[in-house]
Amino acid sequence: MADVIRAAGLVKTYGDVHALDGLDLAVPEGTVLGLLGPNGAGKTTAVRILTTLLEPDSGSAEVAGIDVRKRPAEVRARIGLSGQYAAVDEYLTGFENLDMIGRLYGLGRRPSRDRARELLESFDLSDAGDRPVKTYSGGMRRRLDLAGSLVARPPVLFLDEPTTGLDPRSRTDMWEVINDLVKSGTTLLLTTQYLEEADRLADRIVVIDHGKSIAEGTADELKAQVGGERIELVVASAEDLPTSRDILAQLAEGAVGIDDHTRRVTAPVTGGAGVLIEALRRLDAAGVTLHDVALRRPTLDDVFLTLTGHAAEIEADAAADTDVPLAEATR
Amino acid sequence: MTTLTKSMPAPGPLTPSRFKVFTDGAVVAKRNLIKIKRVPDLLVFSTMSPIMFILLFAYVFGSAIHPPGIGYREFLIPGIFVQTVIFGSTLTGAGLADDIQKGIIDRFRSLPMSRSAVLVGRTTSDVLNNVLVVVIMSGTGLLVGWRIRSSVGEAIVGFLLLLAFAYAISWIMAVVGLIVPSPEVVNNASFMIIFPLTFIANTFVPTQGFPTVLKAIANWNPVSSLAQASRQLFGNTGTTPLPNSPWSLHHPIIYTLLWIVGILIVFVPLAVRQYKRAASR
Ligand SMILES: Nc1ncnc2c1ncn2[C@@H]1O[C@H](COP(=O)(O)OP(=O)(O)O)[C@@H](O)[C@H]1O
Ligand SMILES: [Mg+2]
């Protein structure tokens, strides 16, 4: 299948910051690529170059077979973009926002209005459609912004962190919307800081850090590199460590790790909460007292730790962003 | 949800219509005007200060300033018009800076719309805003004793010249708005420029008493020629310009028109170029 989005050797520097440092991408038609990376990894820069908003210093990119640097106007006629921050006009109503975009895509008066109503309906915004966007919640704005990128039914769609800053409920809603969207055959490039999100939505994932691709594969392939989920527990008394290890070894998929100093036992498992409950039952029966217990899934942090040997810079990111997705993901 | 993208018409090669800059510009202008309608405070505040100016100057300075051959209020009102429409054009810069900050310009730039339509639409809606402002100002002027003593035709040309000059200034403000980081900075920067520009001129007081250097600047300042042209076209001139005034004040309409054309020739391409590279900040 032909690659609808293709980028080779994209470089973009700002002063001595390498926003992109030789990024290659390929997205086959009708598939979803998740571009996964922490704050500052270069995700937005990549999206801006692919959507003709920014000229790379070097490298080439094609969207729908068209060179983004040489024929940007033709690229714009074929793409939809929903940027990292909802770019909707506060003072216009939802309907007016969509109608304006329709007209600017060159739709006639009637088709543009009909399309606006249709999209409001699809995105569950009909009731709010005639209210100024100022009164919308964050989730509603994001949905409206996404609707705006779909006005002209573009075959190629770019979504830059579509759920960052949303509450968990709105996030799940947004995932459903995007899932429905890709079922209809749109080629999608999606950026995210959440492994879970890439997992839910993307066919393939490219992990980037400091403007470079550091890993690529399906969600399962990436998780396999990092290891699956595991039970972590801290026992109250060091005497219980051997018992705990033996019990967990019966349930674990691999070697059980013990840290005597912190009295922590770690066991890779499959089977999720069921395994955890079974483990707790057996530990309880053996009279082991626990200080702490958790079922941990691999997080972006783990991916990073494994792939780069350094942790994603959570501290700096938390300060730079109102939302703290990385810290949240580790919880 | 499958209706979202199915029955997708193959997006054929765009036929960039020659008129797309105007149709797209109209869409953008309409959007800006909706904002003026929804946030009437904007209009209220942009007219409050000129009304205050009229009242302060007319009643505080009015007794001290005696332009030759004419009452001060008749002299003053065209000057206030000039200052007000120039301030009105700062809306262009502030609006663009705001749109960049909110990512709206990025959205526009990702659409297959005309590259200059955002600027055309912005400057157009700001001129329409200025029309409203001028109407309100004229009403206030009439209340304090200003009168149009020329013909209707001349008065209309007078208003058009004011709006045309403000339109040209809008394109300068567009460049400013596309460069500076926020609407607040646009507002502060334009204050710093517009106050000296409108005060070192015959806007509020006759220039006869100015020190030599300031007087030379004032004489050739297009703000002076615009104020002079307005006074002539509204019939508020008295004996000005004085016989020893320079060419610019003897032919204020032509001199002002030359400035308008000059500004547009320089700043329209500059603004369009800056728009194309404007990055969201
Ligand atoms: N306009 C800019 N000026 C200076 N530095 C920038 C600019 N845009 C991005 N950067 C820097 O480039 C790097 C990548 O940014 P970005 O692409 O926004 O990352 P992400 O979207 O993954 O968070 C960051 O270090 C960021 O600070
Ligand atoms: Mg980003």
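Is A:T44 buried, exposed or partly exposed, and what is its relative accessible area? A:T44 is partly exposed, at 26% relative accessible area; buried means under 20%, exposed over 50% and partly exposed in between, with a 1.4 Å probe and protein chains only.

Before selecting anything else, note that this is a predicted model, in which local features need pLDDT of at least 70, side-chain atom pairs count only at pLDDT 80 or more, and totals for chains, interfaces and linings use all residues. Residues are numbered from 1 along each chain as its sequence is written, chains are lettered from A and ligands numbered from 1 in the order in which they are written, and side-chain values use heavy atoms, with hydrogens and water left out.

**Stop 1: the magnesium ion**

Select ligand 2, the magnesium ion, together with A:T44 and A:Q84. Its protein donors are OG1 of A:T44 and OE1 of A:Q84, at 1.9 to 2.2 Å. Donors are N, O and S atoms within 2.8 Å of the metal (3.2 Å for Na, K and Ca); water is not among the atoms, so sites may look incomplete. The two residues are 40 apart in the chain: A:T44 sits in helix α1 of chain A, and A:Q84 in the loop between β6 (79-82) and α3 (94-104) of chain A. Helices (H or I, at least four residues) and strands (E, at least two) are DSSP runs, numbered from the N terminus. A:Q84 counts as buried, at 15% relative accessibility.

**Stop 2: ligand 1**

Now select ligand 1 and the residues around it, those with a heavy atom within 4 Å. Among them are A:Y14, A:V17, A:P38 and A:K43. By class, this shell has 5 nonpolar, 5 polar and 1 charged residues; Ala, Val, Leu, Ile, Met, Phe, Trp, Tyr, Cys and Pro count as nonpolar, Asp, Glu, Lys and Arg as charged, and the others, Gly among them, as polar. The largest contribution to the shell, 3 residues, is from α1(A).

A polar side-chain atom of A:T45 is 2.5 Å from one ligand oxygen. For A:T44 the corresponding distance is 2.7 Å. For A:N39, a side-chain N or O atom is 3.3 Å from an oxygen of ligand 1.

**Stop 3: two arginines**

Go to A:R153, in the loop between α5 (138-150) and β7 (156-160) of chain A. Phi of this non-glycine residue is positive, near 45°. A:R153 counts as buried, at 17% relative accessibility.

Then select A:R263, in the loop between β12 (257-259) and β13 (264-268) of chain A. Its phi is also positive, near 55°. At 25% relative accessibility, A:R263 is partly exposed.

How values were computed. Polar contact = N/O pair within 3.5 Å; in protein donor to acceptor, adjacent residues only side chain to side chain.
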